[in-house]
Amino acid sequence: MNRETLGKVLSLSCVENYFLGYFQERFDVRSLYAESFVPFQKVMNAFLNEHASYENYPLVRLQETSEKLGLTEHRYSEKFCYQKYKLNLIRVNREFFKGVKLMPWRADHYIALEKTKDGYAYWNNYPLSEGHMSENRADEIYDGACLVFQEAGEFSEQIYRELCALQYARIENQSIDEVRITEEKLVNLRDALLVLKVLRKRVAAWLAFEADNKRFDGDLSFQIHTEKLIQLYERILVEIQLQIVRKKSDISKINEKLMQLCEQERLWSKAIQMRRG
């Protein structure tokens, strides 16, 4: 696990970030995305109408899926007790962020630690950083919560197939209505799209895993279609951020792009249904 790795994984929380960074070197994490599809309309409604936020939007976390599949297990403790050859995470207090300009979205923030001869190597996903600290420093920043993850038993093919069946059904049954926003919902839309972009990348990786196992026809045409969908998410997000920074909104332009995104989501769902093995 290193800083570069953590910057590339498909995570939506600090714990997911370290979890993927650590375990992707030990097994194929694409199977963990078998619960990552959330309907477009559901996410939009949550952020635009139900006051959801990026840091608290309820999702099935990847570490939870991993335990369902029998791949990993974890232990929670209020007392920090480092365990060798395992993924060790500690919750940190505000002392850890002294002198740092960027702060994490959530108050309960974790970092990953690895024991060294004279202290700990550490990794922090936001702001993305890595370094070394003494044992005394680790005690100073410790906020009374420790998570330790380790590999468990054998992968459960039966449970995986059950999760896949449910996910395929959610994809094929999603219904998308036209989405239009007003200026005061611009930030809410940005946060919804940030979540959806990661989720769609996860589903694309899961479908590639399915294709590798001859259960999905992930041909070149489908790959191009998926790339177009992800690129559209990214273009809208860039446009939204520019409008926020410049404090000059053009909502009609955003709504036009949203119409295109809704159509691409519909086409993508149909393409998945047609190619399922």
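How much space lies in the largest pocket? About 890 Å³. A pocket is an open set of 1 Å grid points with protein on both sides within 12 Å along at least five of seven lines, and a lining residue has an atom within 4 Å of a point. Of the 33 lining residues, Ser11, Leu12, Ser13, Cys14 and Asn125 are closest to the pocket's centre.

This is a predicted model, where local features need pLDDT of at least 70, side-chain atom pairs count only at pLDDT 80 or more, and totals for chains, interfaces and linings use all residues. Residues are numbered from 1 along each chain as its sequence is written, and side-chain values use heavy atoms, without hydrogens and water.

Helix H7 (186-212) is among the elements that supply at least two residues to the pocket lining. H7 gives the most, with four residues.

There is also one cavity of 30 Å³ or more. A cavity is a set of points where a 1.4 Å probe fits but cannot get out. Leu12, Tyr54, Tyr57, Leu59, Arg61 and Val195 line the largest cavity.

| Space | Volume | Lining residues by type |
|---|---|---|
| Largest pocket | about 890 Å³ | 16 nonpolar, eight polar, nine charged |
| Largest cavity | about 40 Å³ | five nonpolar, no polar, one charged |

Now the packing. The largest nonpolar core has 92 residues. Such a core joins buried nonpolar residues through side-chain atoms within 4.5 Å, and buried means under 20% relative accessible area with a 1.4 Å probe. H7 gives the most to this core, with 13 residues. Met44, Ile111 and Trp206 have the most contacts inside the core. Contact means heavy atoms within 4.5 Å. Trp206 touches residues including Arg30, Tyr33 and Tyr160, not counting those up to four places away in sequence.

Note on methods
Points joined across faces, edges and corners; volume = space filled by probe spheres on them. Nonpolar A, V, L, I, M, F, W, Y, C, P; charged D, E, K, R; others polar. Buried < 20%, exposed > 50% of the residue type's maximum accessible area, 1.4 Å probe, protein only.
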